[in-house]
Every structure is written in structure tokens, then in C-alpha cells.
Amino acid sequence: MFNHPGYDLKFVIKIPCKDITSHKFTLVYKFYSPLTKYIYILNADYHAEDVFAIKFYVKQHSKSDYKYSKITNKKDLPNILITCAKVVPILMAEFPTASFGFAASRSLDDRANKVEGLPNNQRFQAYSYLACKKFGTQTFAHFDYPAISSYLLLNKNSGDVEKKEKAIVDMFRANYHTMLDI
């Protein structure tokens with residue numbers, strides 16, 4: 001499923017975060033899919049505990065409260081996910097001990113007027129599969145949280161894996177209400 005080349009990522013801007021959460025800054029990238037004819041925005045939100053939350057959406061949905069949940073049904077998911085995975089080695093060049101997390105948003109299909117449930121959703125299943133196949137276990141310890149459709153690639157170079165996983169989960173739990181379900 002993921003034997004696709006993906007697309008070129010282009011760095012756009014670094015945006016500092018000025019709220020009181022553990023979110024420090026966001027690195028914004030963009031890429032274009034010739035198949036979907038959409039520009040995608042990838043946000044790499046850097047948090048305390050040396051962890052990035054990776055998020056992406058279609059640029060035309062940028063003003064929507066549901067931008068991370070909307071589906072396009074354009075059949076280019078493998079290339080889009082491979083492109084998002086390309087940010088990991090880019091970020092590791094500057095942050096060699098960084099870990100990476102993602103929370104799979106529930107799909108919102110405007111045409112079918114359906115909203116997917118949160119636990120073990122379709123996006124989570126695709127992201128988890130990609131993480132296992134693309135990153136393996138040499139550099140990262142893998143943690144999945146199906147109840148909230150979230151995944152963590154914990155960098156083994158960041159110290160005690162169990163202690164670091166707990167610190168990251170506690171940090172996210174304090175900042176994101178859905179993490180309370182872990």
C-alpha cells in the first residue's frame with residue numbers, strides 16, 4: 001500500500017506559540033498532489049518533552065473548524081501519507097532526539113453526512129500501518145492508543161523509554177482533553 005514516492009515538501013514558516021500550553025512552535029510545510037489537484041498543509045507542532053505532533057489538511061479547508069477531519073475521496077492517500085512521513089528525517093536532522101506523535105481525526109464526510117467514531121478509526125489504522133512499515137523499531141519505540149486513535153514514535157535516543165513515554169503522555173493529557181482517555 002505504501003510503495004509510493006510521495007511529493008516534495010516545502011518549508012513555509014516557523015510560527016511561535018504564545019499560549020500557556022506545552023506547545024512551543026509550529027513548523028509549517030506544504031506540498032501539492034497532482035492527482036487530487038490540492039495543496040496540503042503539514043504542521044509539525046513542537047512541544048515540551050521534545051515531541052512533534054504531525055498534522056495535515058487540505059489548504060482550501062484551512063478556515064474550517066473540521067479541517068483535519070474532512071475527507072476528499074480523491075484516492076491519493078498513500079502518496080499523501082508518505083509525504084507526511086518525509087518530515088520525520090527532516091526534523092530529526094535538527095532535533096536528533098525528537099519523538100513524533102499523531103492523533104487520527106475522525107473522518108467527516110460531507111457528501112454522506114457521516115462522522116466516524118473516535119476509537120480505532122480508519123485514519124488511525126492507516127497511520128499505524130505506515131508508522132510500523134516506514135519507521136521500524138531501530139530508532140523508535142512504537143506506542144499505539146487505539147481508544148483515542150493516537151500513535152507515538154518515541155525516539156530511543158531520548159533516554160529511558162518507559163519514563164519518556166509517561167512524560168509525553170502526561171504532557172499531552174494536560175493539554176488535550178481527548179488524551180484523558182488513555
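**Close-up views of a predicted model**

**View 1. The contact of helix H1 with helix H3.** In this predicted model, Leu77, Leu81, Ile82 and Ala85 of H1 meet Ala126, Tyr127, Leu130, Lys134 and Phe135 of H3. Sorted by kind, the residues of this contact comprise eight nonpolar, no polar and one charged. Two packed helices are described by the angle between their axes and by the distance between the axes. Here H1, which spans residues 77-85, and H3, which spans residues 122-135, pack at an angle of about 55°, and their axes lie 11 Å apart. H1 is therefore oblique to H3, and the crossing in which H1 passes H3 is right-handed.

**View 2. The two faces of helix H2.** Within H2, which covers residues 87-94, the residues Val87, Val88, Leu91 and Met92 are buried. Because these residues cover an arc of only 130° around the axis, they lie on the same side of H2. The face turned away from that buried side carries Pro89, Ala93 and Glu94, which are exposed.

**View 3. Lys37 in the loop between strands E2 and E3.** Lys37 lies in the loop that runs between strand E2 (23-33) and strand E3 (38-47), and its phi is near 70°, a positive value in a residue other than glycine. Lys37 counts as exposed because its relative accessibility is 58%, where the cut-off for exposed is over 50%.

**View 4. Glu49 in the loop between strands E3 and E4.** Glu49 is placed in the loop between E3 and strand E4 (51-58), and phi of Glu49, near 75°, is a positive value in a residue other than glycine. With a relative accessible area of 31%, Glu49 is partly exposed.

Key
Residues numbered from 1 in each chain as written. Predicted model: local features only at pLDDT ≥ 70, side-chain atom pairs only at ≥ 80, totals over all residues. Heavy atoms only, no water. Buried < 20%, exposed > 50% of the residue type's maximum accessible area, 1.4 Å probe, protein only. Helix = DSSP H or I, 4+ residues; strand = E, 2+ residues; numbered from the N terminus. Arc of directions from axis to C-beta. Axes fitted to C-alpha atoms, helices over the stretch in contact; angles between N-to-C directions. Parallel < 35°, antiparallel > 145°, perpendicular 65-115°, else oblique. Left-handed = near helix turned anticlockwise from the far one by under 90°. Contact = heavy atoms within 4.5 Å. Nonpolar A, V, L, I, M, F, W, Y, C, P; charged D, E, K, R; others polar.
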